[in-house]
Amino acid sequence: MKLFTALQTRQWDAFTIANEPIASIDLMERAAAQCVQWLLQHKGGFNRYTIICGKGNNGGDGLAIGRLLQERGIEVVIYILEFGHLGSTDFQVNLQRLHDRHIQPHFIQTESGFPQLAPTDLVIDALFGSGLNRPLDGLAAALVNHLNAQGVPIISIDVPSGMLLEESSAQGPVIRAGHTLSFQNTKMAFLLPENGAFTGQVHVLDIGLHKGFSENAPYTLIDQKLVGTIYKSRSPFGHKGNFGHVLMVGGATGKMGAMVLSAKAALRAGAGLVSVLVPRIGYFVVQTAVPEAMCMTEAGEEKLTEFNIESFRYEAIGIGPGMGTAAETQKGFSTLLSNLEYPVVLDADALNCLAQQPTLLSTLPKGSILTPHQKEFERLFGICENDFARIQLAQEMARQYGLYIILKGHHSLVAAPDGQAFFNSTGNAGMATGGSGDVLTGILTSLLGQGYTSLHACILGVYLHGLAGDIGVQQLSEEALVAGDIVAHLGAAFRQIRSQA
């Protein structure tokens, strides 16, 4: 799914109006009807719906919603924030339709006109939509703060008022909605952690925008449709040599569990052969916990020092889980990177070693995959003041070094060196648990070893990882999910992907 900018979304509306064809006021009516249908299905039982409108098209949506609710016998009170000028054309049409039905809105001109809300009220926020391009101030800001302080449920139409879609909203007040009813496609801003407190649960309503609209969106949402074009089914005549021999490198005293998880994930993700390189203390752990994997050790007793991997040819290597950052380990790691000629997957302590030796970034094979969480990203590339800045920096670093950067989070970002950027749509809060990243490392290394390109390994890998977590949560709950459960549900995730491919 493409994630369009606010301008592109308006262009999509215009394209629909011209090519369906449909009048803009009728398209607004269609959107309002979808909102009302959702409200009646999910938010009945309130004594009164209080609708707060601006004077743009978002406010026009609110007026139409109020009229349609009133036609169904529901008590509606409508407030309009007065700016001293006429509203948009469609807003004015819907205002006249209210007057025709003898619904008299209240105009807010000062703070004394702010609505006084009862605990049984439901507020519908239709103040400002996706066209907002600066933080709120003055009376508008005071109204948003007033509504947030009332302690009543709020549902925002299209966008929580005050939220900027293409830059951080930290400088101004934003409506804190429990639900956001957005139109046709979700917005990139809804996928960022800093906006989660404002959007609540996002529900994307299909308002029938024309399918023929096509623009190059700056971001793409990784969904089942996209993954279905990437996933490769196996030949019935395949053998283990067709599905790659991958090597997982890492482990140290007290951290061998990370290597067990990544090795198991590499196997469950389909690698034909998995080898593991660990310090000598990890030999019996790996041989006992992962009997399907081949285990190699080196001279270091409690930590890796030499990184000698010349015994075999591997299709992919994953480095970092539980590895530690001791001086001897960093030295051996540096030597290993200087001898690699094909892309690798780097996670956890491999990233921390890179952060302490930043010149190594330029020695990484092109197409390598880095999988930092926010703190690891900051150690590598610097602190960012907000999520938007962090995403831009990830894209810049991916281009500069020719790498794929997976910035992990609820909606992990995949930044590609050619400028493409993708957000993942699977995953849940239960996956915020130790070892989850080690599982992702194993999955990515496995897919890379099976012949997927770096980009496709990233896209399929994050989706598969999140989907396995989603399936696991259905059986276990977010609180009870652990990293091993993600591995255990990879098979079910593959089956779901294959059945819909």
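Helices here are DSSP runs of H or I with at least four residues, numbered from the N terminus. By that rule, glycine 60 sits in helix α3, which covers residues 57-71. The model is predicted.

**Overall picture**

The chain has 501 residues, and 57% of them count as buried. Its secondary structure comes to 17 helices and 18 strands. Along the principal axes, the C-alpha atoms fill a box of roughly 85 × 45 × 40 Å.

The chain exposes about 20,600 Å². Carbon and sulfur atoms supply 50% of that area. There are 33 positive side chains and 43 negative ones. The centres of these two sets lie 5 Å apart.

Return to glycine 60. Its relative accessible area is 0%. Buried means under 20%, so glycine 60 is buried. Beyond its neighbours within four places in sequence, glycine 60 is in contact with Met28, Phe91 and Asn94. Methionine 28 is 32 residues away along the chain, yet the two C-alpha atoms are separated by 7.6 Å.

Tyrosine 463 belongs to helix α15, a helix that spans residues 454-476. Tyrosine 463 is buried too, with a relative accessible area of 5%.

**Backbone details in loops**

In the loop between α1 (6-19) and α2 (24-42) lies proline 21. A cis peptide bond joins glutamate 20 to proline 21, with omega at about -15 degrees.

Glutamine 184 lies in the loop between β7 (179-183) and α6 (196-199). Glutamine 184 is not a glycine, but its phi is positive, at about 70 degrees. Is glutamine 184 buried or exposed? It counts as buried, at 9% relative accessibility.

With 27% relative accessibility, serine 477 counts as partly exposed.

| Residue | Relative accessibility | Class |
|---|---|---|
| Glycine 60 | 0% | buried |
| Tyrosine 463 | 5% | buried |
| Glutamine 184 | 9% | buried |
| Serine 477 | 27% | partly exposed |

**A pair of crossing helices**

Helix α10 covers residues 327-339, and helix α11 covers residues 349-356. Their axes come within 10 Å and cross at roughly 90 degrees. Angles of 65 to 115 degrees count as roughly perpendicular, so α10 and α11 are roughly perpendicular to each other.

Which residues meet where α10 and α11 touch? From α10 come Gln330, Phe333 and Leu337. From α11 come Ala350, Cys353, Leu354 and Gln356.

Key. Residues are numbered from 1 along each chain as its sequence is written. This is a predicted model: local features need pLDDT of at least 70, side-chain atom pairs count only at pLDDT 80 or more; totals for chains, interfaces and linings use all residues. Side-chain values use heavy atoms; hydrogens and water are left out. Helices (H or I, at least four residues) and strands (E, at least two) are DSSP runs, numbered from the N terminus. Buried means under 20% relative accessible area, exposed over 50%, partly exposed in between (1.4 Å probe, protein chains only). Accessible areas come from the Shrake-Rupley method with a 1.4 Å probe; for residues, only the protein chains shown count as cover. Lys and Arg count as positive and Asp and Glu as negative; His and the chain ends are not counted. The place of a charge is taken as NZ of Lys, CZ of Arg, CG of Asp or CD of Glu. Axes are lines fitted to C-alpha atoms, for helices over the stretch in contact, and angles run from 0 to 180 degrees between N-to-C directions. Angles under 35 degrees count as roughly parallel, over 145 as roughly antiparallel, 65 to 115 as roughly perpendicular and the rest as oblique. Contact means heavy atoms within 4.5 Å.
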